[in-house]
Amino acid sequence: MKSARAEVMAELPNATLSEQERACEKRAILVSLDNLMTFPWIRERVERGELQLHGWYFDIKHGQLLRLRSNHPRIFPVCNYWF
């Protein structure tokens with residue numbers, strides 16, 4: 001399995017450092033979700049619909065809470081916070 005950084009660098013080699021950092025932060029959450037699926041007792045419950053795995057990312061810059069799921073399109077905005 002590739003690391004979050006390796007995946008981001010392959011997909012976004014020309015992005016700014018800030019964009020790459022933000023993408024790495026989100027990708028690391030997805031890598032963690034994928035790692036959880038390597039445990040048989042977790043995978044079985046997910047496949048039976050008894051368990052759902054979610055990753056959460058708070059984007060301070062944009063005031064957004066994002067839900068990340070490894071088995072769906074990658075990012076779902078949950079809500080916006082404007083201070």
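The face of helix α1 (residues 4-11) turned away from its buried side carries Arg5 and Ala10, which are exposed. Exposed means over 50% relative accessible area, buried under 20%, and partly exposed in between, with a 1.4 Å probe and protein chains only. The model is predicted: local features need pLDDT of at least 70, side-chain atom pairs count only at pLDDT 80 or more, and totals for chains, interfaces and linings use all residues. Residues are numbered from 1 along each chain as its sequence is written, and side-chain values use heavy atoms, without hydrogens and water.

In α1, the buried residues are Ala4, Glu7 and Val8. They cover an arc of only 95° around the axis, so they sit on the same side of α1; the arc is taken from the directions from the helix axis to the C-beta atoms. An α-helix has 3.6 residues a turn, so residues three or four places apart point the same way. The buried residues of α1 pack against α2, where contact means heavy atoms within 4.5 Å.

Gln20 lies in α2 and counts as buried because its relative accessibility is 10%. Beyond residues up to four places away in sequence, Gln20 touches Val8, Met9, Leu12, Pro13 and Ala15. A polar atom of its side chain lies 2.8 Å from the backbone oxygen of Leu12.

The helices and strands are DSSP runs, numbered from the N terminus: helices (H or I) have at least four residues and strands (E) at least two.

| Element | Residues |
|---|---|
| Helix α2 | residues 17-36 |
| Strand β1 | residues 55-59 |
| Strand β2 | residues 64-68 |

β1 and β2 pair in the antiparallel sense over five bridges; pairing requires at least two DSSP bridges between two strands. Gly55 has Leu68 in β2 as its bridge partner.

Notes: Polar contact = N/O pair within 3.5 Å; in protein donor to acceptor, adjacent residues only side chain to side chain.
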